Amino acid sequence: MSGLDRLARGLGAWCSWLFIGTVGITVYEVVARYLFGSPTIWAHELTIILCSLAFAVGGAYVQQADEHIRVTILTESMPLRIRSALQLLGSAAGAIFLAGVIVGGDRDAGEALSGWQTTQTAFNSPMPAIVKPAVLAMALLMILLLLRDIGRRLLGTGDVDGAGSGPTP
């Protein structure tokens, strides 16, 4: 398993626990609001931060493990060569899209981080300063994983997903 694989898997395993945190925060908010009549100002924003980070990292995790949700009713009946060509096309399209995310969000994420941008709400969390750069970092990791997989498919070397767990045509 390469360093990219270990990074994506490690981050994914760690960030999956953020969802447990959001459940706890939500339960606390419901109890505080409806049993004690004392809603919080922080629960909603903190839940958004945690879920945003987990979703961003989750993209890299499923890319590494090749466990995307797929509708394969058409591709399963296609010859192996066509399926491989479609997977190459999908990987290339994904890399191009993610490159657009990075190019389009680079300045905004840089400003959010350098100015430690906040939400300007009552809680005033640093959500933009945390989430925007994290999304770009995960987009870069996903591009690297996609390019690695494209190279493996074109060269016909090793497991495309790097883990041996997902479908490899």
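**Entry 1: what I am looking at**

I am working with a predicted model. I kept that in mind for every entry below.

**Entry 2: helix 1 against helix 2**

I began with the pair at the start of the chain. Helix 1 covers residues 3-35, and helix 2 covers 43-65. I looked up how they pack. Their axes are 8 Å apart, and the angle is about 155°. An angle over 145 degrees counts as roughly antiparallel, so helix 1 is roughly antiparallel to helix 2. I also noted the hand of the crossing of helix 1 and helix 2, which is left-handed. Then I sorted the contact by residue class. I found 17 nonpolar, six polar and three charged residues where helix 1 meets helix 2.

**Entry 3: helix 3 against helix 4**

Next I turned to helix 3, residues 80-114, and helix 4, residues 127-155. Their axes come within 8 Å and cross at roughly 155°. That angle makes helix 3 roughly antiparallel to helix 4. The crossing of helix 3 and helix 4 is left-handed. I sorted this contact by class as well. The contact of helix 3 with helix 4 has 22 nonpolar, four polar and four charged residues.

**Entry 4: salt bridges**

How many salt bridges does the structure hold? I read off six. Side chains of opposite charge can pair when their charged atoms come close.

I took Asp 5 with Arg 148 to begin. Their side chains meet in a salt bridge at 3.0 Å, N to O. Asp 5 sits in helix 1 and Arg 148 in helix 4. The two are 143 residues apart, and the pair links distant parts of the chain. Are these two residues buried or exposed? I found both Asp 5 and Arg 148 buried.

Then I checked Arg 148 with Asp 149. This pair also forms a salt bridge, and the closest N and O atoms are 2.8 Å apart. Arg 148 and Asp 149 are both buried. Which residues are joined by salt bridges that share partners? I wrote down one network of Asp 5, Arg 148 and Asp 149.

Glu 29 has a relative accessible area of 11% and is buried. Arg 33 has 37% and is partly exposed.

**Entry 5: a closer look at Asp 149**

I went back to Asp 149, which is found in helix 4. Why does Asp 149 count as buried? Its relative accessible area is 4%, and buried means under 20%, so Asp 149 counts as buried. I also listed a polar contact between the side chains of Asp 149 and Arg 148, at 2.8 Å. For a distance across the model I took Gly 24. Asp 149 and Gly 24 are 125 residues apart in sequence. In space they are 37 Å apart, C-alpha to C-alpha.

**Entry 6: Ala 112**

I picked Ala 112, in helix 3. Ala 112 has a relative accessible area of 0%, so it is buried.

Most residues other than glycine have a negative phi. I looked for residues that go against this and noted two.

One is Asp 66, which has a positive phi of about 55° and is not a glycine. I placed Asp 66 in the loop between helix 2 and helix 3. At 8% relative accessibility, Asp 66 counts as buried.

Another is Trp 116, with a positive phi of about 40°, again not a glycine. Where does Trp 116 lie? I found Trp 116 in the loop between helix 3 and helix 4. Trp 116 has 47% relative accessibility and counts as partly exposed.

Terms used. Residues numbered from 1 in each chain as written. Predicted model: local features only at pLDDT ≥ 70, side-chain atom pairs only at ≥ 80, totals over all residues. Heavy atoms only, no water. Helix = DSSP H or I, 4+ residues; strand = E, 2+ residues; numbered from the N terminus. Buried < 20%, exposed > 50% of the residue type's maximum accessible area, 1.4 Å probe, protein only. Polar contact = N/O pair within 3.5 Å; in protein donor to acceptor, adjacent residues only side chain to side chain. Axes fitted to C-alpha atoms, helices over the stretch in contact; angles between N-to-C directions. Parallel < 35°, antiparallel > 145°, perpendicular 65-115°, else oblique. Left-handed = near helix turned anticlockwise from the far one by under 90°. Nonpolar A, V, L, I, M, F, W, Y, C, P; charged D, E, K, R; others polar. Salt bridge = Lys/Arg side-chain N within 4 Å of Asp/Glu carboxyl O.
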